[in-house]
Amino acid sequence: MKVTLILSVILMAALFLLLWAAVGFIQDRRFFSTAPKDIQQAVKEHKERFPGQKMVGWRMAVVAMLMFVLSFLYGGYDGVRNGFGFWQFFRRFLIMLYLLKAFDIIFFDWYLLTVSHFFQHYYPETEGCEGYHSFGFNWKGQLFRIVLFPFVAALLGWICTLFVK
């Protein structure tokens with residue numbers, strides 16, 4: 001369980017790093033496709049604050065994606081090494097996915113979007129948008145992922161059991 005929790009924290013750090021890379025450094029409007037509509041419309045293109053800003057962002061994004069992939073790979077590897085069965089793999093991956101989703105909803109959708117002014121720091125033109133006060137604006141997408149996760153965990157668990165001797 002300790003490994004599962006550590007991997008979940010790594011996934012959370014990776015998700016934050018990816019968001020920070022996209023919002024703070026890459027600064028491409030296309031990354032706002034999941035934001036409330038009024039924020040999407042208010043976002044403007046920004047010039048680089050320093051030379052190589054976008055490159056730093058893309059490198060951060062690559063590191064974040066590697067953290068995602070390696071967390072799940074290590075979770076599988078550790079389970080194979082410890083002789084996990086399907087249900088142990090399933091439980092590990094489901095816990096990792098649900099903790100990541102809880103972090104997404106609580107930290108991103110509630111804290112960063114509605115409380116902290118994180119986005120307004122990088123996009124001051126969005127100050128005052130109603131979308132910053134609409135916690136739950138993306139509940140359908142969140143619910144879809146929550147329902148999908150057991151199937152993803154089952155698939156990952158099944159794949160990992162193919163490697164257990």
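**View 1. Aspartate 104 and lysine 101 sit on one helix.** Both residues lie in helix H4, three residues apart, about one turn of the helix. Helices here are DSSP runs (H or I, at least four residues), strands are runs of E (at least two), and both are numbered from the N terminus. The two side chains form a salt bridge, with the closest N and O atoms 2.8 Å apart. A salt bridge requires a side-chain nitrogen of Lys or Arg within 4 Å of a carboxyl oxygen of Asp or Glu. Aspartate 104 is buried at 13% relative accessible area. Lysine 101 is buried too, at 6%. Buried means under 20% relative accessible area, exposed means over 50%, and partly exposed is in between (1.4 Å probe, protein chains only).

The model is predicted: local features need pLDDT of at least 70, side-chain atom pairs count only at pLDDT 80 or more, and totals for chains, interfaces and linings use all residues. Residues are numbered from 1 along each chain as its sequence is written, and side-chain values use heavy atoms, leaving out hydrogens and water.

View 2. From the N terminus on, the elements read α-α-α-α-α-α. Along the principal axes, the C-alpha atoms fill a box of roughly 55 × 35 × 25 Å. Of the 165 residues in the chain, 40% are buried.

**View 3. Arginine 92 meets aspartate 78 across two helices.** Side chains of opposite charge can pair when their charged atoms come close. The salt bridge between arginine 92 and aspartate 78 spans 3.0 Å, N to O. Arginine 92 lies in helix H4 (residues 86-115) and aspartate 78 in helix H3, so the pair ties together parts that are 14 residues apart in sequence. Arginine 92 is buried, with 5% relative accessibility. Aspartate 78 is buried, with 4%. A network of salt bridges links Asp78, Arg81 and Arg92. The structure's salt bridges come to four.

**View 4. Aspartate 28 holds a place in a loop.** That loop runs between helix H1 (2-26) and helix H2 (37-42). Aspartate 28 forms a salt bridge with arginine 30, the closest N and O atoms being 2.5 Å apart. Aspartate 28 is buried, at 16%. The two side chains also make a polar contact, at 2.5 Å. A polar contact is a pair of N or O atoms within 3.5 Å; within protein, one must be able to donate a hydrogen and the other to accept it, and residues adjacent in sequence count only if both atoms are side-chain atoms.

**View 5. Tyrosine 74 and tyrosine 77 form an aromatic pair.** The structure holds 20 aromatic pairs. The rings of tyrosine 74 and tyrosine 77 have centres 5.9 Å apart and planes at 50°, so this pair is tilted. Rings of Phe, Tyr and Trp (its six-membered ring) pair if their centres lie within 6.5 Å; planes under 30 degrees apart count as stacked, over 60 as edge-to-face and the rest as tilted. The two tyrosines, tyrosine 74 and tyrosine 77, are three residues apart in helix H3 (residues 53-81), about one helical turn. Tyrosine 74 is partly exposed, at 35% relative accessible area. Tyrosine 77 is partly exposed, at 49%.

**View 6. Tryptophan 110 and tyrosine 111 also pair.** Their rings are tilted, 6.2 Å centre to centre with 50° between the planes. Tryptophan 110 is partly exposed, at 41% relative accessibility. Tyrosine 111 is partly exposed, at 35%. Both residues belong to one aromatic cluster, whose members include Phe16, Trp20, Phe25, Trp110 and Tyr111.

**View 7. Arginine 49 lies over a ring.** The ring is that of phenylalanine 25, with arginine 49 over its face at 6.0 Å from the ring centre. A charge sits over a ring if NZ of Lys or CZ of Arg is within 6 Å of the ring centre and within 35 degrees of the ring normal.

**View 8. Valine 152 comes together with phenylalanine 90.** Valine 152 has its place in helix H6. Valine 152 is partly exposed, at 27% relative accessibility. Valine 152 and phenylalanine 90 are 62 residues apart in sequence and 8.9 Å apart in space, C-alpha to C-alpha.
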